[in-house]
Amino acid sequence: MGSVWWKQAVLVMSAVMANGCLVQPYVLTKDDVRARVTSDMKALMAIEEPVAGPIDLYGATARALKYNLDARVKTMQAQLAHQQLNVAHYTLLPQVSANAGFDGRNNYSGGGARSLIDGRPVLEPFTSSDKNVTSGNLALSWDVLDFGLSFVRAQQAADNVMIAEEEKRRIAVRLVQDVRSAYWRAVSAERVLHRVEFLNESVGKALESSQQIVDKKLQAPLTPLNYRRDLLNIQREVQRLYRDLSTARTQLASMMGLPPGTIYELAVPARTGNVPLVNLDTESMEKQALMFRAELRSIDYQKRISAKEARAVFLELFPSLKLSVGGYYSSNSFFLYQNWLGYASQASWNLLSAFRTPAKLKAVEAHREVLESQSLALTMAILTEVHVGAVQFVHAKQEFQNARQYHETQSAIAEHTRSLWLTHSTNDLTLIKERVNDVLAEVRLDSAQSGVETAYATLMASLGEDAVPAGLGGQSVAELAEALKKLWEPTGPRTASVEKKSEIYATSVAR
């Protein structure tokens, strides 16, 4: 009866312990979510280097490279790849283990012996161990096969570091492209804002004047109505252009890592009429793009990783040889030597590895073929981007030149019309219309200049142009902006050879 109760008690305790060890799902509470929101908003609103003074193109790009969240993620991923490589280095070292233990019991460990011939006891019960024994050892072991595999994995980790660096460079190039485009669009919006307000006022007055002409029947109805239609079309086009440019300021703030709603001032440069100089040599641009695009370089590193994976598969075919040596201690008084040096070797071989090796090699070969196909497809896409970017840049330059000539012509017409109006040789409606056309011409000129800068940034990104100076980690925004200014102010067209740029690129990567 007592044993039954004992078994029941054990079952009850086991059930209680099992229930206590179960992990229950935990639903996030409102406080948990609110704490996360508060923490994230606090991190977003924190500005390490507050904006001081107007921001020019170099300052905007420097701030984006330093504080853009996407760029920070890629930088952290590159740092993680470096740390994983450091971990892989430690796997090359032999294992050194230190152990200490204690064994105890309430009586002696004893035993006897029996004859296999007649079954009689040979010896009286005996013991060879104390009740309480303390032991310890310090041993070094090294697996030759594991060392070979670890060396291959470390090489693959090194290639992963370069892939992460290429991805960081790709994000930086694209970020520079986006910042350049958004900056010039924001500058265009800044320039035309007050002119658009003037345009709305002028068009409103002109529409009122044309309506009075219609009401008083001073002219045939068709003439003021046509005039009214022309003004409305002009107003609609300018407002459409401004609407396209008005979001650039918010987008630029986001790229620079500024909290939403942050008020900042743009440095609006004077119109110079200059456009970026590019040596549009098709063969040279194609060669440069295929040499420097981060996407292709990443695939090259992935091919090296795949080749090393095939080497690892072959290494797994060999038997494992483990060597060990160590010092040992035991407090057992029955031992003749309580301290001793032990050494051993052991060879093992998984016979089934020979059967799965062909399947692994086929998988490695299939991966290599996929990478080859990706490389070819990406090469074609990059070459297409280069040609499209060059054509867009040429057209954007032509549109800018046309817009500049149109603006100069319209400014002369507006000035001449104003002179006629002062001498009462023309009416108010004609003067207003030409002034409105002058505003439209200015808006078109700014839009065309923004288009040139955007096309230039797109072309440079398609070429894989490394527009970021090396070693920007510890620089301040002002120092980085100055470095970008020195890097981006060429004295002429970009005519450096691909070989020279390869040397520059290799130096920047080594840093």
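## Q177 and its partners

The side chains of Q177 and T458 are joined by a polar contact of 3.2 Å. A polar contact is a pair of N or O atoms within 3.5 Å; within protein, one must be able to donate a hydrogen and the other to accept it, and residues adjacent in sequence count only if both atoms are side-chain atoms. This is a predicted model: local features need pLDDT of at least 70, side-chain atom pairs count only at pLDDT 80 or more, and totals for chains, interfaces and linings use all residues. Residues are numbered from 1 along each chain as its sequence is written, and side-chain values use heavy atoms, with hydrogens and water left out.

Q177 sits in helix α5, which covers residues 144-216. Helices (H or I, at least four residues) and strands (E, at least two) are DSSP runs, numbered from the N terminus. A second polar contact, of 3.0 Å, links the side chains of Q177 and R174. An α-helix has 3.6 residues a turn, so residues three or four places apart point the same way. Leaving out residues up to four places away in sequence, Q177 touches A457, T458 and A461; contact means heavy atoms within 4.5 Å. Q177 counts as buried because its relative accessibility is 14%. Buried means under 20% relative accessible area, exposed over 50%, and partly exposed in between (1.4 Å probe, protein chains only).

## The chain overall

The chain has 511 residues, and 33% of them are buried. Its secondary structure comes to 13 helices and 6 strands. Take the contacts between residues at least 6 apart in sequence: 82% of them join residues at least 24 apart.

The accessible surface of the chain is about 31500 Å². Carbon and sulfur atoms account for 59% of that surface. Accessible areas come from the Shrake-Rupley method with a 1.4 Å probe; for residues, only the protein chains shown count as cover.

## An enclosed helix

Helix α3 spans residues 57-67. Of its 11 residues, 10 are buried, so α3 is largely enclosed by the rest of the structure. The buried residues of α3 are L57, Y58, G59, A60, T61, A62, R63, A64, L65 and Y67.

## Where α8 meets α9

Helix α8 (residues 282-292) packs on helix α9 (residues 294-315). The angle is about 45°, and the axes are 5 Å apart. That angle makes α8 oblique to α9. Axes are lines fitted to C-alpha atoms, for helices over the stretch in contact, and angles run from 0 to 180 degrees between N-to-C directions. Angles under 35 degrees count as roughly parallel, over 145 as roughly antiparallel, 65 to 115 as roughly perpendicular and the rest as oblique.

From α8, the contact involves A289, L290, M291 and F292; from α9, A294, L296 and R297. These residues of the contact of α8 with α9 divide into 6 nonpolar, no polar and 1 charged. Ala, Val, Leu, Ile, Met, Phe, Trp, Tyr, Cys and Pro count as nonpolar, Asp, Glu, Lys and Arg as charged, and the others, Gly among them, as polar.

E465 and F292 are 173 residues apart along the chain, yet their C-alpha atoms are separated by 7.2 Å. E465 lies in the loop between α11 (428-462) and α12 (477-488). E465 is buried, with a relative accessible area of 13%.

## Loop residues

H424 is in the loop between α10 (353-422) and α11. H424 is not a glycine, but its phi is positive, at about 60°. With a relative accessible area of 74%, H424 is exposed.

V268 belongs to the loop between α7 (248-255) and α8. V268 is partly exposed, at a relative accessible area of 37%. V268 and W184 are 84 residues apart in sequence, and their C-alpha atoms are 9.1 Å apart. V268 touches V187, E190 and R191, not counting residues up to four places away in sequence.

## Strands and the β3-β4 loop

K131 is found in the loop between β3 (121-127) and β4 (132-143). Its relative accessible area is 33%, so K131 is partly exposed. Beyond its neighbours within four places in sequence, K131 is in contact with D103, G104, R105, N106, N107 and Y108. K131 and R105 are 26 residues apart in sequence and 5.5 Å apart from C-alpha to C-alpha.

S97 is in strand β1, residues 95-104. S97 counts as partly exposed, at 33% relative accessibility. With residues up to four places away set aside, S97 touches N137, L138 and A139. S97 and N137 are 40 residues apart in sequence and 8.0 Å apart in space, C-alpha to C-alpha.
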